Amino acid sequence: MATFIWIFGTAAIEFAFPSFLESTGLAYWQIGLIISSWSFLSLFLDLPLGKLSDLCSTRNLMILGLIAMAFFVLIIFNSNNFLLFILLFALWGLAYNFWV
């Protein structure tokens, strides 16, 4: 089940969310910034989160990441503000790094 959630979350970035964001009336450049914020925060926090996983229980961090990913996705679907989308996608990328 967890693997399914992980694969679905990754596929959603590539396929579902650009269409969803376009339906909210955002311009293409805004959609590009929003989706790139997901990877941008992940890029800089990947190593510190790796160190954290050495100190803490990996299982607990993975559970925290899955719960946080689900939480942020639910909020994203109930939002319509450009800056909020950027923040939520960046936090979703952070939660994703807890999982991977």
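# Aromatic pairs and nonpolar core

Reader: Start with F77. Buried, exposed or partly exposed?
Author: F77 counts as partly exposed, at 44% relative accessibility. The label follows because buried means under 20% and exposed means over 50%. Bear in mind that this is a predicted model.

Reader: How many aromatic pairs are there by the ring rule?
Author: The count comes to twelve aromatic pairs. One of them joins F17 and F77, whose rings are 5.3 Å apart, centre to centre, with 25 degrees between the planes.

Reader: Stacked, tilted or edge-to-face?
Author: The F17 and F77 pair is stacked, because planes under 30 degrees apart count that way.

Reader: Where do those two sit in the chain?
Author: F17 belongs to helix α1 (residues 2–23) and F77 to helix α3 (residues 58–77). They are 60 residues apart, so the pair links distant parts of the chain.

Reader: And F17, buried or exposed?
Author: F17 is buried, with a relative accessible area of 3%.

Reader: What about W38 and Y96, how are their rings placed?
Author: W38 and Y96 form a tilted aromatic pair, 4.8 Å centre to centre, with 50 degrees between the planes. This pair also links distant parts of the chain: W38 is in helix α2 (residues 28–55) and Y96 is in helix α4 (residues 82–99), 58 residues apart.

Reader: How do W38 and Y96 score on accessibility?
Author: W38 has 12% relative accessibility and counts as buried. Y96 has 13% and counts as buried too.

Reader: Which residues form the aromatic cluster?
Author: One cluster is made of F17, F20, W38, F77, F85, F89, W92 and Y96.

Reader: Now the largest nonpolar core. Which members touch the most others?
Author: The core has 21 residues, and L21, I76, F89 and W92 are the ones that touch the most other members. Each of α1, α2, α3 and α4 supplies at least two residues of this core. Helix α4 gives the most, with seven residues.

Reader: What does L21 touch?
Author: Not counting residues up to four places away in sequence, L21 touches L26, I31, I34, I35, F85 and F89.

Reader: And V73, where is that?
Author: V73 is in helix α3. At 18% relative accessibility it counts as buried, because the cut-off for buried is under 20%. With residues up to four places away in sequence left out, V73 touches F17 and W92.

Reader: How far is V73 from I7?
Author: V73 and I7 are 14 Å apart in space, C-alpha to C-alpha, and 66 residues apart in sequence.

Reader: Change of topic. Which residues form the nonpolar patch on the surface?
Author: M1, F4, I5 and F8 form that patch, and together they have about 500 Å² of accessible area. F8 lies in helix α1. Its relative accessible area is 54%, so F8 is exposed.

Reader: Last one, S53. Which helix, and what is it in contact with?
Author: S53 is in helix α2. Leaving aside neighbours within four places in sequence, S53 is in contact with T58 and L61. S53 counts as partly exposed, at 23% relative accessibility.

Reader: How far apart are S53 and Y96?
Author: S53 and Y96 are 13 Å apart in space, C-alpha to C-alpha, and 43 residues apart in sequence.

Methods. Residues numbered from 1 in each chain as written. Predicted model: local features only at pLDDT ≥ 70, side-chain atom pairs only at ≥ 80, totals over all residues. Heavy atoms only, no water. Phe/Tyr/Trp six-rings, centres within 6.5 Å; stacked < 30°, edge-to-face > 60°. Helix = DSSP H or I, 4+ residues; strand = E, 2+ residues; numbered from the N terminus. Buried < 20%, exposed > 50% of the residue type's maximum accessible area, 1.4 Å probe, protein only. Core = buried A, V, L, I, M, F, W, Y, C linked by side-chain atoms within 4.5 Å. Contact = heavy atoms within 4.5 Å. Patch = residues over 30% accessible without salt bridge, like charges linked within 9 Å, V, L, I, M, F, W, Y side chains within 5 Å. Areas by Shrake-Rupley, 256 points an atom, 1.4 Å probe, with all protein chains shown as cover. Salt bridge = Lys/Arg side-chain N within 4 Å of Asp/Glu carboxyl O.
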